[in-house]
Amino acid sequence: MAIAGSNSVVVINLVAAVASLAASASARSQHMMCPSPAFLGHHHPQVTHRQQQSSTTLFGGFGGVSSKDKKGKKKKGGGQSSTNKKMTPQNAKKAKQQLLERYGGDLNIGTQERIDKYLNSLEPHLKEAAELYKTTTQFDALIAPMTPADRNRLIPPVQFEMAASDRAKLQSLMEEYKLTEIDLHNVFQQATWDASADAKATQADIVGGQMKPELQQRIDKACSFVVDATKTEGAVGKILDVGCGHGSIVKSLVDAGLEEPDMYVGLDLSSEMIKNAVDRYGSARNGRTGKGRVFVADDFLAHDFSVYGNGGSNDIFDGVIFCSALHDLPDMIGSITKAASVLRSSGGKLVVVHAQGAQHVLGQNQANPVMVSRGLPTAKEWSGMLAEHPEWGLTLEHEPADPRSDGDLKCGYLTVLSKI
């Protein structure tokens, strides 16, 4: 049957995906537990999203470099790390060689080995639940764009039967061990970023923490909205970087005018990312308070941010930024709710940015729905969410460009919301 235009590509891709699932089904029918491809890893199986009570908090700035030099002159950016200088060719070559050695000679293989090592150490119930979560998520994503007729034509009945069986097994495990979809999503997220943290941080060091100029400009613009919020009337003097990674936007925030290190709180699910962030940006401190940047390894949705405020759970941050991070979180509505709750009233800024754009994220969702469950909200979706959630107290100040639009291609994705 001939199918014209882009639909033919969709059907060809679907056929290939069905074939892949069929092969996977054959392996499962032989009672084989296949390792997850490059996504499972570091996790504490006894602790669920709801049960987690503690987090790793690493405070930079004690015993480190002051934001003033020996003569008492304040340094620009509160003692910015020299890591942000592009390495010389000789040092870059040495750093690359050392990185390859740490990853066993090949970054891709080494990352997979790190993931597999922890996957094999997971408790059996968690390993099985994670594999079932991955399988059912991939199957749902496969059939979602199909018409009922295409499903009947392309998907063998046995595949639906196996998907239903997997779903029932997964539900049983989740109920027995009090697991949530957030827990299972976070297994994949934490494993991926833990395994790749050292490589990503070192690669950023080599280029001085800079992206391509056009992408860097988009990040810098987003950071300026957050920093400007710390300089308005009623400011509390703190910003939150959600999904901070190895501190990838610290320099942009400093360059935008974030005056002191202790105005910054960075949070990431990956403890390895946080270790790299502390190594690079944890030494600078406020010469007056003696405090530095705070980096926290924890689940954003579970973390208690009241410890950074003045005794309350509201009005904690002047700005909250999700830089290439919102699409990685398992609950978008819950994440926005949480961010709005910690923003100060009358001028707090919530910023969502992805330098490569909304269309890029949609591509990630299609390629890997387990890690990226959906795209970034469009302007229309933001308007709908704001109408449905007046309790957020947010207004849309800067609308994002739609995927596939000229604006998305030229400017990337940027949404700015203000707290009423």
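Me: Are phenylalanine 305 and phenylalanine 317 buried or exposed?
Reply: In this predicted model, phenylalanine 305 and phenylalanine 317 are both buried.

Me: And what kind of aromatic pair do phenylalanine 305 and phenylalanine 317 form?
Reply: Their pair is edge-to-face, with 6.0 Å from centre to centre and an angle of 80° between the planes. Phenylalanine 305 and phenylalanine 317 both lie in the loop between strand S4 (294-297) and strand S5 (319-323), so the pair ties together parts that are twelve residues apart in sequence.

Me: Which residues do ring pairs link into a cluster?
Reply: The cluster is made up of Phe300, Phe305, Tyr308, Phe317 and Phe322, which are linked by ring pairs.

Me: How many aromatic pairs are there in the whole structure?
Reply: A search of the whole structure finds eight aromatic pairs. One of these is formed by tyrosine 133 and phenylalanine 188, and this pair is tilted, at 6.0 Å centre to centre with 40° between the planes.

Me: Why does that pair tie together parts that are 55 residues apart in sequence?
Reply: Because tyrosine 133 lies in helix H4 (residues 124-143), while phenylalanine 188 lies in helix H7 (residues 181-206). Tyrosine 133 and phenylalanine 188 are also both buried.

Me: New topic, what about the phi of lysine 178?
Reply: Lysine 178 has a positive phi of about 55°, although it is not a glycine, and most residues other than glycine have a negative phi. Lysine 178 lies in the loop between helix H6 (157-177) and H7, where lysine 178 is exposed, with a relative accessible area of 56%.

Methods:
Residues are numbered from 1 along each chain as its sequence is written. This is a predicted model: local features need pLDDT of at least 70, side-chain atom pairs count only at pLDDT 80 or more; totals for chains, interfaces and linings use all residues. Side-chain values use heavy atoms; hydrogens and water are left out. Rings of Phe, Tyr and Trp (its six-membered ring) pair if their centres lie within 6.5 Å; planes under 30 degrees apart count as stacked, over 60 as edge-to-face and the rest as tilted. Helices (H or I, at least four residues) and strands (E, at least two) are DSSP runs, numbered from the N terminus. Buried means under 20% relative accessible area, exposed over 50%, partly exposed in between (1.4 Å probe, protein chains only).
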